[in-house]
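Please look through the following structure before reading on.

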Amino acid sequence: MTDEGKRKEPRKPADLQPFSPADPETRKPDRTRVVRVDPERPDPAAVAEAGAILAQGGLVAFPTETVYGLGADALNERAVKKIFEAKGRPSANPVIVHVPDAEAARRLTSRWPAEADRLTADFWPGALTLVLPKSRDVPEAVTAGGPTVAIRAPSHPVARALLDACRLPIAAPSANRSNRLSPTRAEHVVADLAGRIDLILDGGQTPGGIESTVLRLGDGPPLLLRPGLVGPAEIEARIGPIRRAFAGEPSAALPSPGMMPRHYAPRARLELMERGSAERVAELAAAGMRVGWLAFGPGAQDAAGVTRVDMPDDPATYGALLFARLHELDAASVDRIVVDSPPDDDSWLAIRDRLKRASA
Ligand code: TXA
Ligand code: MG
């Protein structure tokens with residue numbers, strides 16, 4: 001058990017963040033309950049209650065092995081629409097459906113290519129989302145009216161227990177307000193969504209910290225829409241070459257709406273530096289700014305007005321911590337965040353992608 005598991009009871013959401021003055025009515029402070037669960041063996045009663053809320057068309061945030069998701073019954077169009085309202089998400093951006101296994105996934109699709117068998121056998125449950133031609137059962141709200149549906153089987157014990165309890169496919173984007181950082185702790189969900197959703201299952205820090213890999217199948221060669229915890233080399237070892245489409249550059253016809261260049265962003269402006277970060281940090285601090293610095297490798301120095309965070313030099317640990325560190329710098333109200341670019345190789349692909357978008 002980590003330190004996370006020993007934390008005391010979470011504070012009530014009402015004690016935490018002031019509600020956004022922009023929309024005082026849409027948040028009802030008493031609406032959202034936070035229930036602490038053991039991330040390895042969640043209390044069946046808590047999970048059953050969460051499942052019942054989903055079955056009745058409510059919204060439940062829950063931990064996955066990547067980030068927290070905001071779940072609704074994927075087959076209930078009205079419930080799915082509530083996700084979009086709570087997040088302030090544009091209705092043109094489709095959401096991922098979470099299922100227990102490949103068999104359940106298949107029922108949501110109209111075609112199941114051979115690659116899907118190979119990939120689900122190797123990577124499910126886990127952080128790989130497959131975009132496939134949808135079946136008629138999948139409501140339009142889930143797919144933003146499009147012909148495909150994104151599906152994954154999560155491995156986190158709380159997510160699995162919830163799927164088991166409600167026996168429904170669960171539509172769940174990341175549990176943050178649209179375009180903000182994905183939540184890796186229940187407190188992040190509280191800060192963004194308290195008052196807008198029914199329940200948060202607090203299972204502590206999510207282990208992966210970066211969202212799933214999104215791969216489109218069944219329409220020409222497989223297309224990587226979003227790099228994530230499962231790397232391209234692992235996928236290619238299983239199904240051969242894949243195309244990459246996530247450059248984050250604006251384009252007239254984005255194959256995935258979540259590829260918008262600015263996404264996953266902290267409040268403070270973020271500058272991603274290939275080199276010269278120490279000088280840049282000093283310059284900003286000299287101009288009187290409070291600077292947060294995600295330092296990588298040697299050369300980092302402390303200076304007045306600078307909150308320096310030394311980031312780990314392996315991608316798994318870096319990824320697990322990244323959003324939590326950015327959330328902390330936001331909470332500390334820094335004026336600017338300077339980030340040393342990690343190496344330009346595939347093991348850092350997903351992290352570089354998120355940093356690039358956070359800086360856009
Ligand atoms: O790790 C994750 O994937 C987390 C956890 C909760 O599972 N979920 C997540 O969902 O990150 P979200 O909605 O924040 O990101 C889903 C991404 C978006 O970029 C969305 O545009 C894309 O997947 N997507 C969803 N359905 C799609 C579809 N049918 N076709 C293309 N892209 C799709
Ligand atoms: Mg998201």
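Does alanine 350 count as buried or exposed, and at what relative accessibility? Alanine 350 counts as buried because its relative accessibility is 9%, where buried means under 20% relative accessible area, exposed means over 50% and partly exposed lies in between, computed with a 1.4 Å probe on protein chains only. This is a predicted model, in which local features need pLDDT of at least 70 and side-chain atom pairs count only at pLDDT 80 or more, while totals for chains, interfaces and linings use all residues. Residues are numbered from 1 along each chain as its sequence is written, chains are lettered from A and ligands numbered from 1 in the order in which they are written, and side-chain values use heavy atoms, with hydrogens and water left out.

Alanine 350 has its place in helix α12; helices (H or I, at least four residues) and strands (E, at least two) are DSSP runs, numbered from the N terminus. Not counting residues up to four places away in sequence, alanine 350 touches Ile210, Pro227 and Gly228, a contact being heavy atoms within 4.5 Å. The C-alpha atoms of alanine 350 and serine 212 are separated by 9.3 Å, although the two residues are 138 apart along the chain. Helix α12 also holds arginine 352, which is buried with a relative accessible area of 18%. Leaving aside neighbours within four places in sequence, arginine 352 is in contact with Glu274, Ser341, Pro342, Pro343 and Asp344. With the side chain of glutamate 274, the side chain of arginine 352 makes a polar contact at 3.4 Å; such a contact is a pair of N or O atoms within 3.5 Å, of which, within protein, one must be able to donate a hydrogen and the other to accept it, and residues adjacent in sequence count only if both atoms are side-chain atoms.

The chain as a whole has 12 helices and 15 strands, and 55% of its 360 residues count as buried. Among contacts between residues at least 6 apart in sequence, 68% join residues at least 24 apart.

Helix α12 is among the elements against which the buried residues of α11 pack, the others being α8, β12 (269-273), β13 (291-295), β14 (306-310) and β15 (336-340). The 17 residues of α11 (residues 315-331) should span 24 Å at 1.5 Å a residue, and the end C-alpha atoms are 24 Å apart, which agrees; the expected span is 1.5 Å times one less than the number of residues. At leucine 322, α11 bends by about 35 degrees, the bend being the angle between axes fitted to the seven residues ending there and the seven starting there. Leu322 is itself one of the buried residues of α11, which also include Tyr318, Phe323, His327 and Asp330.

Which residues of helix α3 (residues 77-87) are buried? They are Ala79, Val80, Ile83, Phe84, Ala86 and Lys87. Seen down the axis of α3, these buried residues fall within an arc of 170 degrees, so they line one face of the helix; the arc is that of the directions from the helix axis to the C-beta atoms. The face turned away from the buried side carries the exposed residues Arg78 and Glu85. The buried residues of α3 pack against β3 (68-73), α6 (140-143), β7 (170-171) and α8 (186-193). At the start of α3, a side-chain oxygen of asparagine 76 reaches to within 3.1 Å of the backbone nitrogen of arginine 78.

A nonpolar core is a set of buried Ala, Val, Leu, Ile, Met, Phe, Trp, Tyr and Cys residues joined through side-chain atoms within 4.5 Å. Of the 49 residues in the largest such core, Leu70, Val99, Leu119, Leu128, Leu130, Ile197 and Leu215 touch the most other members, and the largest share of this core, 5 residues, comes from α3. A second, separate core of 21 residues includes Ala268, Leu294, Leu329 and Ala350.

Some backbone details remain. Most residues other than glycine have a negative phi, and most peptide bonds are trans. A cis peptide bond, with omega about -10 degrees, joins tryptophan 124 and proline 125, and proline 125 lies in the loop between α5 (114-123) and β5 (128-133). Arginine 167, although not a glycine, has a positive phi of about 55 degrees, and with 68% relative accessibility arginine 167 counts as exposed.
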